[in-house]
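Have the structure open as you read.

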Amino acid sequence: MRFPENILAKDEKVVRSLHPHWLTLVIPAVIGLLIIAATWLIVAMTPVDDTWNIVDWVIIAIAVLLFIGFVVVPFLRWRTTHYVITSNRVVVRRGILAKSGQDIALSKITDVSFRQSLLDRILRSGSLQIETAGDSQDEEFSNIPRSNQIQQLLNHLIEDDAARRGGYGRSAHLGHEQMGGRHAEYHQQPPADRGYDGGYDDRRDRGYDDRRDTRAYDDRRDTRAYDDRCDTRAHDDRRDTRAYPSDDWETPPLR
């Protein structure tokens, strides 16, 4: 049974599709072999007559039911369990007749870890634990093939998803905290030790000086304009002595 790809979004792509590790089928396979061997042995040892023929058929029917319950159902459960990693989320689908599903967005995943025992390392299996933000419970998936590689794959996809969203996500949050610490360190240093060479703070400092440019302030209070309004020459023009008689006018004769 294939994964239903019709549930994917328009731009969503399947990166990895997995079933549980084949180790989950070892015990059902052993049980199935034991059921077949026991049934064949019982049928072969019973005498051939009408009574034992009925008993044989009953034993075979019981064996078939046991085989379905302990072998066929686990196999179908393994086959219908999908762990799908897409470019946007982690999709889990389970169920033979009754279905259940779970979607974990990459943007909500805060940490991915794996755990392997010695046997798991030999068989290339392990468990995967996904921690999510908010009130959601952490999810743990067992019997994941190559769980260490899946953990690395998820970390890379989370970083790519955060970059695609414009820096929002786990990496952006960590980067914001780092930049905040650098910003605090910058302002704690004396001006002579600030060495960002044209960074954010330099632009801010230059903009601050431009707004309080002393030259613009002096232009508004230009003493030349003030002198023009109070030009003594204009004042002298209004009181021009040439409007009065000159000093060389003749004195009228005395009577």
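This is a predicted model: local features need pLDDT of at least 70, side-chain atom pairs count only at pLDDT 80 or more; totals for chains, interfaces and linings use all residues.

## A helix pair in context

The protein has nine helices and seven strands, and 23% of its 255 residues count as buried.

Let's turn to helices α1 and α2. Their axes come within 9 Å and cross at roughly 175°. Because angles over 145 degrees count as roughly antiparallel, α1 is roughly antiparallel to α2.

Which residues of α1 and α2 meet? The table shows both sides.

| Helix | Residue range | Residues in the contact |
|---|---|---|
| α1 | residues 26-45 | Pro 28, Ile 31, Gly 32, Ile 35, Ile 36, Thr 39, Ile 42, Val 43 |
| α2 | residues 50-79 | Asp 56, Ile 59, Ile 60, Ala 63, Leu 66, Phe 67, Phe 70, Val 71, Pro 74 |

Sorted by class, this contact of α1 with α2 has 14 nonpolar, two polar and one charged residues.

Now for α2 by itself. Helix α2 has 30 residues and reaches 41 Å from its first C-alpha to its last, close to the 44 Å expected at 1.5 Å a residue. If you trace α2 along its length, you will find a bend of about 35° at Ile 68.

Where do the buried residues of α2 pack? They pack against α1, and they are Asp 56, Ala 63, Val 71, Pro 74 and Trp 78.

Conventions
Residues are numbered from 1 along each chain as its sequence is written. Side-chain values use heavy atoms; hydrogens and water are left out. Axes are lines fitted to C-alpha atoms, for helices over the stretch in contact, and angles run from 0 to 180 degrees between N-to-C directions. Helices (H or I, at least four residues) and strands (E, at least two) are DSSP runs, numbered from the N terminus. Angles under 35 degrees count as roughly parallel, over 145 as roughly antiparallel, 65 to 115 as roughly perpendicular and the rest as oblique. Contact means heavy atoms within 4.5 Å. Ala, Val, Leu, Ile, Met, Phe, Trp, Tyr, Cys and Pro count as nonpolar, Asp, Glu, Lys and Arg as charged, and the others, Gly among them, as polar. The expected span of a helix is 1.5 Å times one less than its number of residues. The bend at a residue is the angle between axes fitted to the seven residues ending there and the seven starting there. Buried means under 20% relative accessible area, exposed over 50%, partly exposed in between (1.4 Å probe, protein chains only).
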